[in-house]
Each structure stands twice: as C-alpha cells, then as structure tokens.
Amino acid sequence: MKLAAIPMLIIGLCIGCSSTGTVTSEQLKYTKWQLSRVDGLAIPASYSASLSFIEALQVNGFAGCNKFFGEGQLDDNHLTVNKLGMTRKSCGDKLDEFEQQFLNALKQGVPLQIQDQQLVLNGEQTFAFIPAS
C-alpha cells in the first residue's frame, strides 16, 4: 500500500511544478528551446533564436544573428546569464536591435517559467520558447 502511494506523490509533485511554473536547474539541463513568440506575437522567420542549457547550467544559443554562450544562474525563478560571450557580426538595424533586447534580458536577469510546455522569459519583453528537436 505504501509503495502505491509513491507514484501518486511523484505525479503530484510534477503537476505542482508545472502548474506553478517553478523551474529548477535540473529541469533545464540538456534542454534546447526555439523562440516562437515575442510579446505574444509570432516572430518572422528571419528573427529565429534558440536557447540551450547544458551541464552546470551553461547556456548557449543563437540570438538571431550571432551565437552566444555564458554561465546561467537560476535564483527564485530568475535566469541571469553571466560572462556572456558572442560572435560579433551585424545583420541590419532591426535584427541587431532585436538581438540586443534578447541578450540584455539574459544579462540583466529575467523571470523564467515553464508553462504549457513553453519556456517563458518575462522581462521588459516576453520571449516564449518551444522545445526544439
């Protein structure tokens, strides 16, 4: 009887995490996300961006024009990327501005949640990511 309660407890904990949006570094480890919406609007194909988490919350991705990498820190559902490095090419004013907004959100720290199988960064702008394959 006690053994039967363990799976129910695990299911309850998982549902609790997904419904509250609480995110842990273990949930992010080895995941890759593709940007799908900014402020609720679908993004143009030319504005593609991705975000990946690897061992020890190392972060890397593509910001629309340049590749980036850094050390992620997760505190109370806020993601901050420290020691952010990136390639340095320009892709035009609009795309460069979009990229800077995204990277600034990561550098400054942004509230983070997982909801409806999406990774959502809720800063000055809302960046919604879907799992990438």
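## Pockets and a disulfide

Let's start with the largest pocket: its lining is made up of Gln101, Asn104, Ala105, Gln108, Gly109, Gly123, Glu124, Gln125 and Phe127. This is a predicted model, where local features need pLDDT of at least 70, side-chain atom pairs count only at pLDDT 80 or more, and totals for chains, interfaces and linings use all residues. Residues are numbered from 1 along each chain as its sequence is written, and side-chain values use heavy atoms, with hydrogens and water left out.

A pocket here is an open set of points on a 1 Å grid where a 1.4 Å probe fits, with protein on both sides within 12 Å along at least five of seven lines; lining residues have an atom within 4 Å of a point. Here are the two pockets side by side.

| Pocket | Space | Lining by class |
|---|---|---|
| Largest | About 190 Å³ | 2 nonpolar, 6 polar, 1 charged residues |

Helix α3 (residues 93-108) gives the largest share of the largest pocket's lining, 4 residues. In the second largest pocket, α3 again gives the largest share, 4 residues. Among the residues lining that second pocket are Val38, Tyr47, Lys94 and Phe98.

Now for the cysteines. The whole structure has 1 disulfide (a pair of cysteine sulfur atoms within 2.5 Å). Cys65 is joined to Cys91, S to S 1.9 Å. The torsion about their S-S bond is about 75 degrees, so the disulfide is right-handed.

Methods: Grid points are joined across faces, edges and corners, and a volume is the space filled by probe spheres set on the points. Helices (H or I, at least four residues) and strands (E, at least two) are DSSP runs, numbered from the N terminus. Ala, Val, Leu, Ile, Met, Phe, Trp, Tyr, Cys and Pro count as nonpolar, Asp, Glu, Lys and Arg as charged, and the others, Gly among them, as polar.
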